[in-house]
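Below is a short report on one protein chain. Read it with the model open.

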Amino acid sequence: PQMSRRTSMEPNSYRRPAKAQQDEIFRLEEEAEERKPLPKWLSILPPPVRKVIGSPLLTLGLIVLVIQAYAIGHNSGNSGNSSKSKKSIYKGTQFWNDEETLDVKTLYETPFARFQLHKVKAGKNIINDWLWYDEMDNINVLVQEAETGKFVIFRQKKYAIPGPPTLATVGGLIEPGETPLEAAKREVMEELQMTSTEWISM
């Protein structure tokens, strides 16, 4: 008798699973997308970068980010006279000459110091890059002991002074709303736990 040979062909009734069909569709769409001509600005980028940036949604997101960054930079660079009252972390006051100060741009600040660029009217000229530095007012107190008549001096190492430790008096910043005498009394108490009934301004 004739023997029937079993073949490896799939029957006509076989259907590929839905997930496999969907994967095939995605593959064909990606191939079609890759065959589309790229914009000139994308052609200069490496292939992996072109593939990522070529996504329409991602490209739209990048455009939005660029617009937002431009808006932020544009607004910060054109602050106008509003810089006079702009809230600052620096605890001192903002210097402003109504006749000469046209604009102020803060470069860097801490609660104790601030660097700025001032736009200044100097006669008929306009100076756009007047470098300005503010620092909190401070006091120094030379303390003399009542019993020994000796002066109290600190020996300390300063960051910006090379060499051996230097000598310094009691000192510190004058806090907002504080008078120099009030600041002096506070600093002497904080650093030496001492007080005095006689204070001489020098």
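## Aromatic pairs on a hairpin

Phe115 is partly exposed, at 38% relative accessible area. Buried here means under 20% relative accessible area, exposed over 50%, and partly exposed in between, with a 1.4 Å probe and protein chains only. The model is predicted: local features need pLDDT of at least 70, side-chain atom pairs count only at pLDDT 80 or more, and totals for chains, interfaces and linings use all residues. Residues are numbered from 1 along each chain as its sequence is written, and side-chain values use heavy atoms, with hydrogens and water left out.

How many aromatic pairs does a search of the whole structure find? The search finds two. Rings of Phe, Tyr and Trp (its six-membered ring) pair if their centres lie within 6.5 Å; planes under 30 degrees apart count as stacked, over 60 as edge-to-face and the rest as tilted. Phe95 sits in the loop between α4 (56-77) and β1 (101-109), while Trp132 is in strand β3, so the pair ties together parts that are 37 residues apart in sequence. Phe95 is partly exposed, with a relative accessible area of 38%. Trp132 is also partly exposed, at 22%. Phe115 and Tyr133 form a tilted pair, with 4.7 Å from centre to centre and 40° between the planes. This pair links distant parts of the chain: Phe115 belongs to strand β2 and Tyr133 to strand β3, 18 residues apart. Tyr133 is partly exposed, with a relative accessible area of 41%.

β2 and β3 run antiparallel to each other over nine bridges. Strands count as paired if DSSP finds at least two bridges between them. The two strands form a hairpin with two residues between them. Gly123 lies in the turn and has a positive phi of about 65°. Within the pairing, Gln116 stands opposite Trp132 of β3.

## Salt bridges

A search of the whole structure finds five salt bridges. The term means a side-chain nitrogen of Lys or Arg within 4 Å of a carboxyl oxygen of Asp or Glu.

Asp134 lies in strand β3 (residues 125-135) and Arg114 in strand β2 (residues 113-122), so their bridge ties together parts that are 20 residues apart in sequence.

Arg186 and Glu190 both lie in helix α5 (residues 180-192). They are four residues apart, about one turn of the helix. Glu190 is partly exposed, with a relative accessible area of 49%. Salt bridges that share partners join Glu178, Arg186, Glu187 and Glu190 into one network. Arg186 is partly exposed, at 21%.

## Nonpolar core

Which residues make up the largest nonpolar core? Its 10 residues are Ile139, Val141, Val143, Val152, Val170, Ile174, Ala183, Ala184, Val188 and Leu192. Such a core is a set of buried Ala, Val, Leu, Ile, Met, Phe, Trp, Tyr and Cys residues joined through side-chain atoms within 4.5 Å. β4 (138-141) and α5 each supply at least two residues. α5 gives the most, with four.

Ile139 is one of the core residues. Neighbours within four places in sequence aside, Ile139 is in contact with Val170, Gly171, Gly172, Ile174, Pro180, Ala183, Ala184 and Glu187. Contact means heavy atoms within 4.5 Å.

## The whole chain

The chain has five helices and nine strands. Helices (H or I, at least four residues) and strands (E, at least two) are DSSP runs, numbered from the N terminus. From that end, the order is α-α-α-α-β-β-β-β-β-β-β-β-β-α.

Of the 202 residues in the chain, 16% are buried. Among contacts with a separation of 6 or more, 27% join residues 24 or more positions apart. The accessible surface comes to about 17000 Å², and 59% of it belongs to carbon and sulfur atoms. Accessible areas come from the Shrake-Rupley method with a 1.4 Å probe; for residues, only the protein chains shown count as cover.
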